[in-house]
Amino acid sequence: MPRSALATNRLKRLAVFAVGLVLFYAPFALLVRFFGLLFPASAAGTSVADAHGACLRMPLGWLAQPWMWASLGNNALYWLPIAVLPIAAVAAGPLFCGWLCPAGALPEYLSHAIPDRFKFDFKKHVDIVPLRYGFLAGILFVPFVASSVCCSFCNFTQMQNIVSAASGNLSGFAFFSSMGLLAAAVWVVPLGLFTKGGRGWCLFLCPAGTVMGLASWASARLPWFPRVRANASLCSGCGTCSDVCPMRAIDISESDERTVNDHLCVQCQDCVGTCPTGALEYRKPS
Amino acid sequence: MKKLGMGIFWVALGIGLIFALGAYSKSVAPGERGSFVMFYPASGAQAGGSSPRSLTGLVTVKLDSRGAIKRLVQPRVIQVSSHSVKNVGDTPRRIRFETAGFPEDTEAHSRDRAWNPETREIERDLAPGAAVDFDLLVTLPDQPAVSTPVSGTIGVVDARTGKRLSTLAVRFQQAGPAQKAGDCCAP
């Protein structure tokens, strides 16, 4: 029963990821096109609609490129990742990551094809949260002293190239850079296929996800906002939830509400249906 | 205390790994792509250069810096691209891109919706202050000449009048192996 609930939840998420693909990625990019209709003179209205329309990595990179700040006034869509998604993460957790982001979903779902014994479980070897914030700090401040990796090391671009190619547009594969190829390889292979959960890139190299995780953690104790929460009195400590968590966010050694790490949890709720005792729920704090 | 120390270690490791990636990117990018800004109407150094802070009128791609991955997978295709080809004049313009001097195998792109790939024209008026992006993929000859660098120019032309509004030179430079007296090709 719990395993079938897991399969059902994964199928549900897959359907919503398809919606994310249609909203953000060319040749559809419906959200970008909608903003283009609302603001025809803005970048969303004049540029080809694709995944770059609503990018958070670029505005983060602009900390070191102040002359680019004018772009924020020329593209209302930039405010979606800068403001709307973090505010949504405050209100409901990083649902974008767990339910809408195809670039996070692709390696996660591909990784199901690889037996767990071949995968690296970062949770067992690494303190994920400080390392994740270290990567974010690096992405923010390294551009001041070395080259920015915001654009050159981007999985959204690689995902867009894959989607475009699937729709017959191969222009994304006309030029390869060393960093682009490295990003594609790292995203899919070591941090995807061979990472337990398949979301190694999301854990460490996605600044948008890290910002949303921070927003989610900061607001998780407030009484109005739902998150995946554990009921310690129902938990049998079987570890099934921890095993299926793609973000490695569940630690069963702490059987209270801190069991689910709000820095990492993307509210995918794979764990909720899987728990044989119903100890996990998506709810407001009790 | 130990937990804090370990936390600091992991944060520092994350920063260090991104620094290493950034350093690698900085070392290989100048050999794989030429990034530039370009202004029109303008001439000489005012036409643009490798960044808004470095208006040189010349973009140089240092082929020797290409990364090992690039050399292995696609060594001859180089991208010359700009996020900002900007109208710095006071009248709206309709522009066309012209290239000259590059090897014949080039491919031009823009993400602007009014881009016509056949004519390389942005088929809308660009207001003063407006900018478009432009990418040029250049396929270099099998053996780029070491002593005679491959070079070319990117021009912005008024699509209505044909008047040239700006020109930026691009140079693909390759030092090659050091030559010693006695080598067949040494001067």
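Modeller: One definition first: an angle of 65 to 115 degrees between two axes counts as roughly perpendicular. Please also keep in mind that this is a predicted model.

Colleague: OK, so at what angle do α8 and α11 of chain A pack?

Modeller: Helix α8 (residues 102–111) of chain A packs against helix α11 (residues 155–166) of chain A at about 75°, and their axes are 9 Å apart. α8(A) and α11(A) are therefore roughly perpendicular to each other.

Colleague: Which residues make the contact?

Modeller: From α8(A) come Pro102(A), Ala103(A) and Leu106(A), while α11(A) brings in Asn155(A), Phe156(A) and Met159(A). By class, five of the residues in this contact are nonpolar, one is polar and none is charged.

Colleague: Switching topic, which residues touch the most other members of the largest nonpolar core?

Modeller: That core has 83 residues, and those touching the most other members are Ile139(A), Met212(A), Met247(A), Cys271(A) and Leu280(A). Helix α10 (residues 128–141) of chain A contributes the most to this core, namely six residues.

Colleague: And what is Met212(A) in contact with?

Modeller: If we leave aside its neighbours within four places in sequence, Met212(A) is in contact with Leu85(A), Pro86(A), Ala89(A), Pro94(A), Phe96(A) and Cys97(A).

Colleague: How many residues of each chain are in contact where A and B touch?

Modeller: There, 29 residues of chain A are in contact with 34 residues of chain B. On the side of chain A, the largest share comes from α10(A), with eight residues, and by class that side has 18 nonpolar, 10 polar and one charged residues.

Notes:
Residues numbered from 1 in each chain as written. Chains lettered and ligands numbered in written order. Predicted model: local features only at pLDDT ≥ 70, side-chain atom pairs only at ≥ 80, totals over all residues. Core = buried A, V, L, I, M, F, W, Y, C linked by C-beta atoms within 7 Å. Buried ≥ 20, exposed ≤ 12 C-beta atoms within 10 Å, placed from the backbone. Helix = DSSP H or I, 4+ residues; strand = E, 2+ residues; numbered from the N terminus. Contact = placed C-beta atoms within 7 Å. Axes fitted to C-alpha atoms, helices over the stretch in contact; angles between N-to-C directions. Parallel < 35°, antiparallel > 145°, perpendicular 65-115°, else oblique. Nonpolar A, V, L, I, M, F, W, Y, C, P; charged D, E, K, R; others polar.
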